[in-house]
Amino acid sequence: MQKTYLNDGWSLTILGDNVYSIPSQPIETKVPSTVYSTLLDHHLIPDPYYRDNELTATKLMENDFVYETDFSLTEQQRRADRIFLRFDGIDTIADVRLNGRLLGHTDNMNRAWEFDISANVLAAEPGTVFHLSVTLHSPIRYISAENKKNPLEGSCHAMPGFPHIRKAACMFGWDWGPRLPDAGLFRSVSLEAVNTARISQVYLRQQHLAAAQPEHSRTPQSVSAVRLTADVEIQWLPEAAPDKMLKAILLVTSPDGEQFFSAESSAADCRNAAPTDLLTGLQCDMTCSHVQATLMIDHPQLWWPNGYGSQPLYSVQVLLVPEDETFLHQKHPGAASDVPPTVGNVQDDEEFPSILDTWEGRIGLRTVTVNTDPIPDETRDPHMKDQSPDLDDGANYMLAEGNHTKIIADRQAASIPGRNFALEVNGVQIFAMGADYIPEDNLLTRQNRRRTNLLLSTAQESNMNCIRIWGGGYFPDDDFYDLCDEKGLLIWQDNMFACACYELTEAFERNVAAEIRQNMRRLRHHACIALWCGNNEMETEYITLEQPRTRKQYYDYIRLYEYIIPKITAEEDPAAFYWPSSPSSGGNFENSNAENVGDTHYWGVWHGSEPFSAYRKHHYRFLSEFGFQSFPALQTIHRFTVPEDRNVFSRVMETHQRNTAANGKIMNYISQTYLYPRNFDELIYCSQLLQANAIRYGVEHFRRFRGTCMGTIVWQLNDIWPVASWASVDYYGNWKALQYAEKRMFAPVLLSCEEHGEIDQKPYPNTLPVSVDVSADLHVSNETLHPFDGTVHWALRLPDSTLVRSGLFHVSVPPLSGVWLPHLDFNDQDRLSIHLEYWLTKDTRESEEMPESETRISEGTVLFCAPKHYHFLDPKLSVTIEGDTITVSAENYAQGVSVETKDGVLRLDDNFFDMEAGTRTIRIVPDRDFSLMDLSEEEHPARKALRAGEIRVRSVYETADRESE
């Protein structure tokens, strides 16, 4: 098959009058592109992200648009049996015409679409120019009209009716995103010239041959070989000759390029073919055959998630060739085996005309599933206190939300038997640490591989091993999954349904079934794919009566997410794990947020306004969502505001705060934690410290109880536009305080502290006097495959860092385990004037005579009261810069030390840290601003600021106005 891209020479026309008064004349563009991106490129509209420009830009999507181009065929294309026109991504409701003749209609941005244009083009004279046009209909008018016919509930932050269209739901607005439902050809357009047959799909099945070893071990299984089988579906054209015999060749190259493996399938012919399911909407009489090729990979290099091992990737190629094709093997100097075969008859012909089609991919040799084994006799760690019993069987709900009438079921509660919920890779149960991913930009063509690489590098550098792709966006490009393969980031893949009610019709079922099958076939070979999930939060919303209006909608939910999609998953990716919803306890509306079964979205901290210490009252198996908001970097705020906007309650700042209650929540949590910030800049800084500490409380707590809990996925990793949100990386790629904190809290070996004091016992000084326990319990978590030996140091100090008392513990922590250390009692101290410093060093002594290394691999400090009540002294912070090294000096204890340029952004290897009196050295790392990737180091504003000495340092002490002492 020959593929020719039609990505150049397009024009875009806005049909009719529009909000920007842009004439209905063709505007030069290319593919991939969108309406907004094209108009921005031609300076015809202002940036929708600046101030409140979004409000006008939204109205533009009430128009229709036309993409047009011309093309002609080459002589080679004219010799093909069939020519297919392929769209890898049309957003969304569109009519496709060739020379004015309607080819078909599209209604799903998550699918590729194909049209057979053979009859239109192959009989034409050589050199004929063909005119292709795509009319994109208004998504706003479409959902409005459909919702009038059949109202469907959905997220209150999005435009009504969005569930009616198979388009990224968040484009219509979310509580972190704008209402900018763009349109366009956001992926490539191509011509596919096919002779006889093509490869429609390849399924790669791995069978790991392991030595005898107990399942669910704490050590990796010993795998002697992997049997790799390629199941290849051949799609036959109607023109295929009955006597034409084809076979598949499977070629595999080792990660180092030194080993090569090959196998051939048996031959197939079209006489024994079966009807085929054309998932791309293609109207063509085709049939299919399945053939298999199997080979053995000895001494395989296994793929591991980030932090557990390396990520070797094997290159795989499948060739579709005539049965009688011969192949030659040529010996490669120094190679362990033969080089990949080349076509013997046509070695000197670069196009290899005897190869009818190819499929290529990279795979990691690994097994992956989710372990949900029962835990009938579970005994909880005695340090896990104040836990609620697991008595809710899903039958008892007391619901009162807004105008909804809720049902209170008065039935006997029943204890839910505990079940594990752990990602299991190569037989090892891992503790999932990561974040939820949303689309990287509302303007799709602003995304690219380099930007995605920077974002996922952030995840990798921050010790994450798992990313959950949220179901309210769209399936990312191939680059995303390639990069996750390379970086060892496991993917929890939601299907694209979120916070809404979707009603089944025959047409809708066919549409989403084709969408799901297409994407599973596209993505299933990736090493990073860990599980497929039905939807985001819809089971919970059905349980609480938040979304469905009719009994049919309840029945449709069960049919779609607990019958249709799992059946498709079993057919398309039979080795994969399927989970019906996030959160869920396994389906059937059985208490989707149960603590000791399945996954949970916990929002008591933040939405419920609970204190950070509330995490410690829970024992969730797997948190797939929990988060806390903050404002983005000051530099980011400068990009979408003017000076008079820079108040968090200004109209523009509130436009870039999509959760209506959020600013109030931030201020409420600030009031509980810090003295009132003295200006806008300090308020931004305090909000980020709050976010970091809120998530730290949760992650550290759940890591201390590994085995009960097996995952913490933080909402959220990234932003879709410049906004106040739960993201740890803002829209431009700036690390918030949370991202630095995640790098520390997700470290493979973590020392953490469960402190007790006023925060968890007497948070308000005006309440009645009570006895307050002032104490601490230290814990070492070892999330590696190797034992850890080291030393825990602790020091109780005064505000000037004077030592009150200290100690140390030698620890030996088994792999994938944790160790509690002896209880520390500080009840004889003034809790407003002491803080605890703790740090962990690795035992690197080779003999008793050699000193132990003092390199700190994990560290922190805790207070025993709210920071606003602690007797901080002025740390008198200062910095010196030498090359890429910054040294921070402090005269007293400092909390939340942040080193920044005057614009408030600088990428460092650590930041927002606590330090004692003395010095701390940190390193400047290459800047990761997504919008400035093409600038040299000399041109970058952060580097210019450094050269000019425009750098500042601050801590919690400096945030408030204090009387001089």
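A polar contact is a pair of N or O atoms within 3.5 Å; within protein, one atom must be able to donate a hydrogen and the other to accept it, and residues adjacent in sequence count only if both atoms are side-chain atoms. The legends below describe a predicted model, in which local features need pLDDT of at least 70 and side-chain atom pairs count only at pLDDT 80 or more, while totals for chains, interfaces and linings use all residues. Residues are numbered from 1 along each chain as its sequence is written, and side-chain values use heavy atoms, with hydrogens and water left out.

**View 1**
Strands (E, at least two residues) and helices (H or I, at least four) are DSSP runs, numbered from the N terminus. The side chain of Glu900 makes a polar contact of 2.7 Å with the side chain of Arg952. Another polar contact, also side chain to side chain, joins Glu900 to Ser898 at 2.7 Å. Glu900 has a relative accessibility of 5% and therefore counts as buried; the term buried means under 20% relative accessible area, exposed means over 50%, and partly exposed lies in between (1.4 Å probe, protein chains only). Neighbours within four places in sequence aside, Glu900 is in contact with Val905, Leu906, Phe912, Glu950, Ile951, Arg952 and Arg954, where contact means heavy atoms within 4.5 Å. Gly664 is 236 residues from Glu900 along the chain, and the C-alpha atoms of the two are separated by 27 Å.

**View 2. Asn734 in the loop between S36 and H15.**
The side chain of Asn734 is joined to that of Gln635 by a polar contact of 2.9 Å. A polar contact of 3.0 Å joins the side chains of Asn734 and Thr636. Residues up to four places away in sequence not counted, Asn734 touches Ala633, Gln635, Thr636, Ser728, Val729 and Val905. Asn734 is buried, because its relative accessible area is 4%.

**View 3. The aromatic pair of Trp176 and Trp715.**
A pair of aromatic rings is described by the distance of the centres and the angle of the planes. Rings of Phe, Tyr and Trp (its six-membered ring) pair if their centres lie within 6.5 Å; planes under 30 degrees apart count as stacked, over 60 as edge-to-face and the rest as tilted. By this rule the model has 51 aromatic pairs. In the pair shown, the ring centres of Trp176 and Trp715 are 6.4 Å apart and the planes stand at 45 degrees, so the pair is tilted. The two residues are 539 residues apart and link distant parts of the chain: Trp176 lies in the loop between strand S11 (172-174) and strand S12 (177-179), and Trp715 in the loop between strand S36 (711-714) and helix H15 (737-745). Trp176 is buried, with a relative accessible area of 1%, and Trp715 is buried at 5%.

**View 4. Tyr557 and Tyr561 in helix H10 (residues 551-572).**
The rings of Tyr557 and Tyr561 form a tilted aromatic pair, 4.7 Å from centre to centre and with 45 degrees between the planes. The two residues are 4 residues apart in the helix, so about one helical turn separates them. Both Tyr557 and Tyr561 are buried.

**View 5. Arginine charges over the rings of Trp113 and Tyr732.**
A charge sits over a ring if NZ of Lys or CZ of Arg is within 6 Å of the ring centre and within 35 degrees of the ring normal. Arg111 lies over the face of Trp113, 4.0 Å from the ring centre. The charged end of Arg639 sits over the ring of Tyr732, at 3.9 Å from its centre.

**View 6. Crossing of helix H13 (residues 662-673) and helix H14 (residues 680-703).**
The axes of H13 and H14 come within 10 Å and cross at roughly 80 degrees. Axes are lines fitted to C-alpha atoms, for helices over the stretch in contact, and angles run from 0 to 180 degrees between N-to-C directions. Angles under 35 degrees count as roughly parallel, over 145 as roughly antiparallel, 65 to 115 as roughly perpendicular and the rest as oblique. H13 and H14 are therefore roughly perpendicular to each other. Ile666, Met667, Tyr669, Ile670 and Thr673 in H13 meet Leu683, Cys686, Ser687 and Leu690 in H14.
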